[in-house]
Amino acid sequence: MASYVLRRILVTIPVMAIVALFVFSLLYIAPGDPAAVIAGDQASPADVERIRQSLGLDRPFLVQFGSWLWRILHFDLGTSIFTNLPVTSMIAQRIEPTLSLMMLTLVLTLVIAVPLGVVAAWKAGSLIDRVIMAFAVSAFSLPVFVVGYVLAYVFALELEWFPVQGYTPISQGFWPWLQNLILPSIALGCVYIALIARITRASMLEVLQQDYIRTARAKGLGQRGILFVHALKNAAVPIVTVIGIGVALLIGGAVVTESVFAIPGLGRLTVDAILRRDYPVIQGVVLMFSFLYTLVNLMVDLTYTLIDPRIRY
Amino acid sequence: MSASTTSSVAIPPGLAIAKALPDLMLPVKVRRGVIGFLRNNPTVAIGGALLLTLVLIGIFAPYLWTVDPTALAPAKRTRPPSADYWFGTDALGRDVYSRVLYGTRVSLTVGLSVALLATLAGLAIGLVSGFVRWADGIVMRVMDGLMSIPPILLAIALMALTRGSVGNVIMAITVAEIPRVSRLVRGVVLSLREQAYVDAAIASGTRAPMIILRHILPNTMAPMLVQATYVCASAMIVESILSFIGAGTPPTIPSWGNIMAEGRALWQVKPYIVFFPAAFLSVTVLAVNLVGDGLRDALDPRMAKNL
């Protein structure tokens with residue numbers, strides 16, 4: 001067990017190194033002259049040269065990559081071209097709303113999607129199954145900001161149940177925090193709910209055909225006990241895998257959701273950085289989210305042994 | 001033996017011949033051709049019809065009672081939908097109906113181009129990876145790394161380094177989609193090369209390129225086609241997101257993301273500017289996804305019953 005955990009952690013390191021290498025080489029892969037693009041159309045040749053130097057594009061690739069990697073390992077993501085502040089401190093200032101949004105969405109998704117999938121599998125072929133699956137297919141086609149605007153229009157503008165936009169830090173109370181985040185979380189979670197409901201249903205259908213489920217029925221266990229204890233536990237591995245993979249959807253969607261609901265998080269930081277062509281900030285955010293995503297999937301891998309004792313390494 | 005033997009067997013008293021059982025196998029009406037395929041797969045038919053309509057709207061946008069989508073009319077700003085302006089006008093007085101119809105072109109161009117390019121690139125990488133043992137490890141580690149970067153963020157980073165244009169948007173989204181396609185192709189190739197007919201081809205001295213062309217490639221087509229529709233749907237969503245946050249097509253081109261980005265400041269008072277492009281986008285993505293789901297069910301009956 002301990003050696004498995006250690007081995008999994010060691011395998012993650014080369015993946016992260018490749019992520020870092022790739023994020024770094026984007027500057028060199030991108031067609032055209034990135035320094036000129038970042039400097040903008042009105043920039044003088046001297047400005048372009050200054051940006052080229054600050055990005056390190058005037059130095060050899062490997063030398064620059066080496067020193068960049070060294071700084072990354074010391075948690076130094078460079079300085080913003082626009083504000084001259086360290087990127088790490090800019091990220092640290094904005095991380096709370098984004099993490100709150102993602103955590104709440106994750107909780108909401110699990111609470112809604114897993115029961116939906118279980119019910120759909122239990123009543124497979126019935127009307128309720130068809131309704132749930134129709135929801136899953138259409139929710140999968142709705143872009144995050146479309147759901148966001150519709151929810152904000154109906155529940156914030158028309159019904160006035162929730163604030164239209166903004167964010168209250170959790171330090172100012174749980175309810176104000178929750179009120180501001182509930183609509184963004186539903187909007188962000190919509191695609192994710194559809195994805196997890198579908199995989200839960202598929203995985204449950206597989207398990208419900210097994211002999212031990214028939215045995216459980218035969219010995220007179222209640223339907224709920226069979227579904228949520230015997231079946232769901234055995235169907236959990238693919239579900240947990242997709243929960244991990246789906247975090248990429250959450251990260252991408254958070255950027256958009258934050259602009260729809262004016263939440264001052266990392267998404268807003270990214271969007272502002274795009275408008276100002278502040279590449280070090282964008283690079284820092286991409287790198288941080290990619291590492292976060294890798295870590296989430298590492299944890300998912302490690303939970304397999306907890307869910308299913310048959311998985312021993 | 002005479003023909004009448006069976007019929008002339010005397011039935012012993014006390015026994016009777018059972019009545020003929022009803023024919024349980026109902027006659028199957030075999031439907032052939034494109035029409036037959038569509039009748040057997042209504043999801044593909046519905047999605048396909050919607051998609052065809054949108055393609056026609058995109059092609060014939062100039063003839064569908066539209067005006068110049070970039071023409072400014074400051075005197076007629078933010079008009080609500082009416083007989084003159086079916087979808088209203090935006091903050092600069094441009095006709096939202098015309099802009100949305102022309103936006104169909106951008107969305108479909110990006111979706112189809114990315115689907116085609118990512119599929120071809122993924123096919124090439126996946127074939128190499130599945131067939132060349134020593135390359136497999138390296139290629140797949142690189143793809144693992146690429147897949148660890150959330151696709152929208154990868155596209156955002158690429159767009160921040162290039163000038164906004166439809167071509168660059170297509171390039172950025174394609175790069176982000178390639179790893180998933182290559183992984184799929186590699187998986188299919190790895191399972192195909194264990195098949196007996198591939199062994200037979202190798203044993204009879206067929207060269208590797210011929211095996212790929214004759215035995216591997218045709219069998220990757222079905223899963224690739226399904227994957228291509230999902231790539232197309234995802235590319236259209238990513239394009240609109242990029243444009244929406246200002247990292248996509250330049251503001252001079254009317255794309256659905258751009259129209260929504262421009263309507264964003266006004267959406268609490270003039271929701272229709274955001275609503276119409278959003279509805280078009282959702283319907284388009286739904287159409288593509290329906291085609292994809294239908295094709296998956298038709299081409300892979302094992303998957304069909306569960307997902």
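The axes of α5(B) and α8(B) approach to within 11 Å and cross at roughly 50 degrees, where axes are lines fitted to C-alpha atoms, for helices over the stretch in contact, and angles run from 0 to 180 degrees between N-to-C directions. That angle makes α5(B) oblique to α8(B); under the scheme used here, angles under 35 degrees count as roughly parallel, over 145 as roughly antiparallel, 65 to 115 as roughly perpendicular and the rest as oblique. The crossing of α5(B) and α8(B) is right-handed, the near helix being turned clockwise from the far one by less than a right angle, with anticlockwise giving a left-handed crossing. On the α5(B) side the contact is made by B:P151, B:I152, B:A155, B:I156 and B:M159, and on the α8(B) side by B:V238, B:I241 and B:L242. Two residues are in contact if their C-beta atoms, placed from the backbone, lie within 7 Å. By class, this contact of α5(B) with α8(B) has eight nonpolar, no polar and no charged residues. Here Ala, Val, Leu, Ile, Met, Phe, Trp, Tyr, Cys and Pro count as nonpolar, Asp, Glu, Lys and Arg as charged, and the others, Gly among them, as polar.

The structure is a predicted model, in which local features need pLDDT of at least 70 and side-chain atom pairs count only at pLDDT 80 or more, while totals for chains, interfaces and linings use all residues. Residues are numbered from 1 along each chain as its sequence is written, and chains are lettered from A and ligands numbered from 1 in the order in which they are written.

Chain B has 11 helices and zero strands, and chain A has 12 helices and zero strands. Of the 307 residues of chain B, 42% count as buried; in chain A, buried residues make up 38% of 313. A residue is buried if 20 or more other C-beta atoms lie within 10 Å of its own, exposed if 12 or fewer, and partly exposed in between, with C-beta atoms placed from the backbone. Among contacts with a separation of 6 or more, residues 24 or more positions apart account for 69% in chain B and for 73% in chain A. The C-alpha atoms of chain A fill a box of roughly 80 × 55 × 40 Å along the principal axes.

Returning to α5(B), 11 of its 11 residues are buried, so this helix is largely enclosed by the rest of the structure. Those buried residues include B:L153, B:L154 and B:A157. Although B:I237 and B:I152 are 85 residues apart along the chain, their C-alpha atoms are separated by 9.8 Å. Leaving aside residues up to four places away in sequence, B:I237 touches A:P143 and B:V285.

The largest nonpolar core has 158 residues, of which A:I196, A:I282, B:A155, B:I156 and B:I173 touch the most other members. Such a core is a set of buried Ala, Val, Leu, Ile, Met, Phe, Trp, Tyr and Cys residues joined through C-beta atoms within 7 Å. Beyond four places in sequence, the contacts of A:I196 include A:V114, A:I239, A:V242 and A:I243.

A further helix pair in chain B, α3 (residues 96–131) and α6 (residues 166–192), packs at about 40 degrees with axes 6 Å apart. α3(B) and α6(B) are therefore oblique to each other, and their crossing is right-handed. Their contact comprises 20 nonpolar, nine polar and two charged residues.

Finally, two loop residues of chain A deserve a look at their backbone angles. Most residues other than glycine have a negative phi. A:F75, between α4 (61–73) and α5 (87–122) of chain A, has a positive phi near 55 degrees. A:A262, in the loop between α10 (223–260) and α11 (266–275) of chain A, has a positive phi of about 50 degrees. A:F75 counts as exposed because it has 8 C-beta neighbours inside 10 Å, and A:A262 counts as exposed with 12.

Methods
Helices (H or I, at least four residues) and strands (E, at least two) are DSSP runs, numbered from the N terminus.
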